[in-house]
Amino acid sequence: MTQEARDPAQEPRDPAQELLDPARERLRRWRLVLGGDAADGTGCALSGRDAAMDGALAALYGKGDKPQAGRDRSAGLGASAPSVARWLGDIRTYFPSSVVQVMQRDAIDRLGLATLLLEPEMLEAVEADVHLVGTLLSLNKAMPETTKETARAVVRKVVEDLEKRLATRTRATLTGALDRSARITRPRHHDIDWNRTIAANLKHYLPEYRTIVPERLIGYGRASQSVKKEVVLCIDQSGSMAASVVYASVFGAVLASMRSISTRLVVFDTAVVDLTDQLDDPVDVLFGTQLGGGTDINRALAYCQSQITRPAETVVVLISDLYEGGIRDEMLKRVAAMKASGVQFVTLLALSDEGAPAYDREHAAALAALGAPAFACTPDLFPEVMAAAIEKRPLPIPDTA
């Protein structure tokens with residue numbers, strides 16, 4: 001009789017043994033990092049699960065195109081969807097989700113696997129995240145109809161996860177900002193802003209009674225009764241802005257759900273597309289974009305400017321790396337004109353977790369001179385940036401900007 005074969009990749013390591021021999025554990029980790037070339041110097045052999053992990057890493061980060069003898073890593077997932085699907089399954093087995101997402105992005109960049117994402121079976125195997133959505137959007141025009149339904153399901157999952165993470169805090173932060181920005185002088189009792197009311201009536205302090213007589217009340221407006229602010233999101237859809245487009249579309253849908261804010265969403269490359277009528281579904285917005293191509297910021301701002309009816313109550317958010325393919329001087333003149341009319345103008349180099357991409361520093365400096373400093377913004381900071389713009393106070397610009 002033959003003994004049933006065991007998969008060595010499923011054999012767990014003994015944590016107790018690792019604790020007893022920390023030097024060996026360090027060697028094991030260095031061996032995985034260095035990849036096992038002859039010059040790694042560890043002299044440490046891998047087996048079981050470690051060998052399987054090393055194989056998954058070798059397929060992506062190895063140095064050659066063909067397997068080599070001994071411990072040397074070799075690169076390549078092959079050109080077939082089945083081999084890539086197996087690899088995707090392996091990395092999801094051996095690594096946490098955050099690492100899987102990084103490896104997927106590297107595989108697309110290093111090994112040219114983007115076209116394989118056009119197959120539904122591949123999409124079902126990947127770990128969905130913002131960057132994968134950006135890749136799918138860039139492939140949208142080449143995507144066959146049999147794949148589009150699966151792609152929309154992947155995008156919708158990511159969008160719904162983002163909305164759960166961002167919507168509640170965004171609505172709460174902006175509702176407070178709207179209330180504070182809409183002050184009235186005859187407020188109801190529960191709408192009184194006591195801090196500002198006390199400050200405005202300090203001259204009416206009565207020492208004998210140790211109290212203030214509030215002759216003038218200052219209160220919050222009831223922002224939910226009508227549209228108080230208008231927000232225009234103007235989004236550069238060049239290839240480097242993929243993550244920003246995803247986050248901006250989600251935030252646009254959240255803002256559009258607030259009755260006190262009128263939200264317009266405009267995307268642009270060398271042409272301008274108004275996607276405001278699709279804001280109730282950010283997935284439709286995303287599939288209405290076309291990542292890549294040139295950039296004409298001036299044309300996009302001209303359109304946004306034409307849509308402004310109440311400048312003093314409008315916030316324009318330009319999300320772009322500022323590489324202008326249009327008329328630079330006209331772009332700057334439009335920004336200056338909007339600010340002079342009372343528009344709150346916000347320039348974001350990116351709306352993502354990665355920080356600022358490469359951007360045109362000359363244009364950023366010119367906008368800063370106009371009072372519209374350009375900086376990268378994380379999704380978690382965006383509600384605070386919008387609240388500051390609504391209240392017409394200084395923007396919370398990160399120190400790293």
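Which residues in α7 meet which residues in α10? The legends below take up this contact and two further close-up views of a predicted model.

**View 1. The packing of helix α7 against helix α10.** In this predicted model, V130, V133, G134 and L137 in α7 meet A242, A243, V246 and Y247 in α10. Sorted by class, the residues of this contact are 7 nonpolar and 1 polar, with no charged residues. Two packed helices are described by the angle between their axes and the distance between the axes. Here helix α7, which covers residues 130-138, and helix α10, which covers residues 242-256, pack at an angle of about 105°, and their axes are 8 Å apart. Because angles of 65 to 115 degrees count as roughly perpendicular, α7 is roughly perpendicular to α10.

View 2. At least two residues of the lining come from each of α4 (81-94), α5 (97-111), α7 and α10. By class, the lining of the largest pocket consists of 17 nonpolar, 8 polar and 4 charged residues.

**View 3. The aromatic pair of F251 and F382.** The structure contains 1 aromatic pair. The ring centres of F251 and F382 lie 4.5 Å apart and the ring planes stand at 40°, so the pair is tilted. Since F251 belongs to helix α10 and F382 to helix α15 (residues 382-391), the pair ties together parts that are 131 residues apart in sequence.

Definitions and conventions:
Residues are numbered from 1 along each chain as its sequence is written. This is a predicted model: local features need pLDDT of at least 70, side-chain atom pairs count only at pLDDT 80 or more; totals for chains, interfaces and linings use all residues. Side-chain values use heavy atoms; hydrogens and water are left out. Axes are lines fitted to C-alpha atoms, for helices over the stretch in contact, and angles run from 0 to 180 degrees between N-to-C directions. Helices (H or I, at least four residues) and strands (E, at least two) are DSSP runs, numbered from the N terminus. Angles under 35 degrees count as roughly parallel, over 145 as roughly antiparallel, 65 to 115 as roughly perpendicular and the rest as oblique. Contact means heavy atoms within 4.5 Å. Ala, Val, Leu, Ile, Met, Phe, Trp, Tyr, Cys and Pro count as nonpolar, Asp, Glu, Lys and Arg as charged, and the others, Gly among them, as polar. Rings of Phe, Tyr and Trp (its six-membered ring) pair if their centres lie within 6.5 Å; planes under 30 degrees apart count as stacked, over 60 as edge-to-face and the rest as tilted.
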